[in-house]
Structures are given as structure tokens and as C-alpha cells.
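Dear colleague,

Please find the structure below for your records.

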Amino acid sequence: MRFIPVSEPKLSGNELRYVTECIETSWISSAGKFVTAFEDAFAAFCGTRHGLAVSNGTVALHLGIEALGIGPGDEVIVPDLTFAASANAVIHAGATPVLVDADPRTWNMDPARVEEAVTPRTKAIMAVHLYGNPCDMDALLHLKEKYGLFLIEDAAEAAGATFHGKRVGAFSDFAAYSFFGNKTITSGEGGMCVTDDEALLKRMRVLRDHGMNPEKRYWHDVVGYNYRLTNVQAAIGLAQLEQIEGFILRKREIAAIYRDNLDPELFTLAKVQPGSEHTYWLNSVLLPEQVDRDEVIRQLRARDIDARPVFYPLHEMPPFRQGDRRFPVTVDLSYRGISLPSGVPLTNEEVAYVAESMQDIVEGLYSRAVPDYTAA
Ligand SMILES: *Cc1c(COP(=O)(O)O)cnc(C)c1O
């Protein structure tokens, strides 16, 4: 059997045809029909009015945060258990990420902890739909209204996931997506902001294009960035988007194979809240406390299976320290959690092999850690 990666893209649609068209017509930079076609099609997919294509998911977050007017002196509430880019983007805007602990059932930010973290300086809540599992958007929208805050979605891992039938990304002031090579759909590197707010869209567009006045070329009213996506990347992104429904179905099938083949006595999966539909960007499980997670990863590797630890709690790393505030749930999830191969190209046999190997390795380590005294 081949080496089984955690996530790999499947480029079996119109990718080559569209990229060839870019090259044959010499539209390879950031103007061109694929950029606008990708923006429109992705916004339609999310159920939002507007899409703005950008160079990656991190700058999608930064652009939106800055366009909302959030900056120095402001606080943004961010989950402690997420990829660092969620908090980095807040810091790039000059604001301060205030981290909150996770709900032990869903692994997403716990709305009760979010409410405790609100201060007079709080400007926004950033919901991160971890690994494709939608956050409790009812609870977060309630807090947005109650405290007059912006709600931002970092939907980088959750393209296509739904909450009560509505796509994530459509609940907030703006949502950010990533099209990095390992995400649900990819453009190599790339990202998108989606929003219903036309004024916000216009501010984001100006900031994306060097702060240039859209009516007066080479006149700059604000300090901007170059955060554009190229037509070549958008060509790949659009071809991927054409296939996303099939990708998500396949990811749900992979998740079902794991569910059916991993003993629930040994492995705990994140709960999907009623009304939510998970897209399983990554299938992640908690190991029993007695089992050394890093040893499991080593033994999987020896069987040609890639696996990775669940994200480290942000508050433990130097840029994101939170004084002496404690985050017991994320610490527990982080050090017992493991993300398993979840890519669309995996065969059923490969997924079953990963599940069997997990079962075998963890049973072995568990029985050594918990001796059976009854046998003596
Ligand atoms: C991947 C990811 C990002 C960043 O996306 P890039 O395109 O790699 O910049 C942001 N947030 C989360 C939760 C992610 O998983």
C-alpha cells in the first residue's frame, strides 16, 4: 500500500482545461474572467451576496477585520483551539485576540466562555468551524445582538457545512475561506471573503488593491495591501468548486467508515450538534488518557500512515499567551486528539486500513497502560 497522507487534493475536473485557457489567452495575473467567475460562484454556493477572492485564508481574515474598522485597543474573541492564523490575523490588524475555551462535546468555542470573555473593548467574536463542524451559530448570534458585536466566521475548514440548513459563512458580517492545498477545495494558495454587506465589500476591495481609489487610478486614500488572487489560481478554484458537492459526499462516506470501524470504548469523536451538518475536513478522534498520542502517530507512520496532532492550544505558544487564564478543555482535547487521513482520493480500503491500524495500535498501548489485574 502507498503512503497515506492526511489530506491531498483531487484535481480531476476542469482544472487543466481552465489553466490552459489562462496561458493560451495570457490572462495569468490578477485580472481575468476566472477571478470574477470564482467570486460569484463561491458567494452563490455560500448563500451570500458577495465574494472577494484573495491570496490566502489568513489575509481574508485580516482584510475583513481591518475593513470592519477593528484595530489597536480592540479585542476579538477567538477560540483557543484553532489554527494560529485565526489569531494571527487579529494581531496583524493591531487588535488583541482574547482566547476562550472549547465545548468538550463539539470541540468548538463554548458560547458560555465567549460571554464571560466580553469586555468593553470587545469588538467581535470569531467563530471557527473546527475541522468542518459548525459552531452553535444561534448562541453566537444571540451574543452578537446582546453585546452589539461583529460576528466573523473563520470558515477555512468548513466550506459547505450547514447549520439548520444554511451554509456556514452566511451567518456573519463576513466569513473567510482558505483554498490552501489541503483544504476541502484548493486553488494551490488562495482565499475568499464572503459577505452580504456591500459597503464592507467595497472597503475590502480597496484594501485588497493597494488602497487605490476605484474612481481615480493611482490615487490612494488609505494604506492598502496587495492581497489579490491570480486568474490561474481562480481557474483551479472554480474547477474545484464545480466538484465540491461530490467532495463533501465522499468526505462524509470516509467519516462513516471511521465511525463504523473505531471502537467507541477507545475513541471519542467530536459531537455534531443537532441541525448541523459536518463536512469532515479532517476526521479527528480523542484517544484514551492512558495512551501516548505521539507514540500512536509514530506507530502509524511506521505503517505508512500520516496522522497529525490536533492543534496545540494557542495560549501555550509565545505570541498568544493569556496571562494566568486557564483552558482545561482545549488542553485535554489538544493532547489526546489526533487527526486522521481524510482526503477525497482515499479508497474505502485505505480508510479501513487506517481504522484497523488505529484500533490495533491503541489497543496495544492501552492494554500495556492499563494492566488487567483480574487475570492475575
Ligand atoms: C487553513 C486555515 C487558515 C488559513 O488559511 P491559509 O490559506 O493557509 O492562509 C485560517 N484559519 C483556519 C482555521 C485554517 O484551518
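Helix H3 gives 3 residues to the lining of the largest pocket, the largest share. Helices here are DSSP runs of H or I with at least four residues, numbered from the N terminus. A pocket is an open set of points on a 1 Å grid over the protein atoms alone, with protein on both sides within 12 Å along at least five of seven lines, and its lining residues have an atom within 4 Å of a point.

This is a predicted model, in which local features need pLDDT of at least 70 and side-chain atom pairs count only at pLDDT 80 or more, while totals for chains, interfaces and linings use all residues. Residues are numbered from 1 along each chain as its sequence is written, and side-chain values use heavy atoms, with hydrogens and water left out.

The largest pocket holds about 290 Å³ of space, a volume being the space filled by probe spheres set on grid points joined across faces, edges and corners. Of its 20 lining residues, Phe83, Ala85, Ala156, Ser178 and Lys183 are the closest to its centre. H3 and H4 are the elements that give two or more residues to this lining. By class, the lining has 8 nonpolar, 7 polar and 5 charged residues; Ala, Val, Leu, Ile, Met, Phe, Trp, Tyr, Cys and Pro count as nonpolar, Asp, Glu, Lys and Arg as charged, and the others, Gly among them, as polar.

The ligand takes up the space of the largest pocket, a molecule being placed there if more than half of its atoms lie within 2 Å of the grid points. Around the ligand are 14 residues (a heavy atom within 4 Å), of which Thr58, Asp154, Glu157, Ser178 and Lys183 come nearest. Helix H3 (57-67) and helix H4 (85-92) each supply at least two residues of this shell.

Polar contacts (N or O pairs within 3.5 Å) involve oxygen atoms of the ligand: a polar side-chain atom of threonine 58 lies at 2.5 Å, and a polar backbone atom of glycine 57 at 2.8 Å.

The structure also holds 1 cavity of 30 Å³ or more, a cavity being a set of points where a 1.4 Å probe fits but cannot get out. The largest cavity contains about 80 Å³ of space, and Lys183 is among its lining residues.

Kind regards

Notes:
A polar contact is a pair of N or O atoms within 3.5 Å; within protein, one must be able to donate a hydrogen and the other to accept it, and residues adjacent in sequence count only if both atoms are side-chain atoms.
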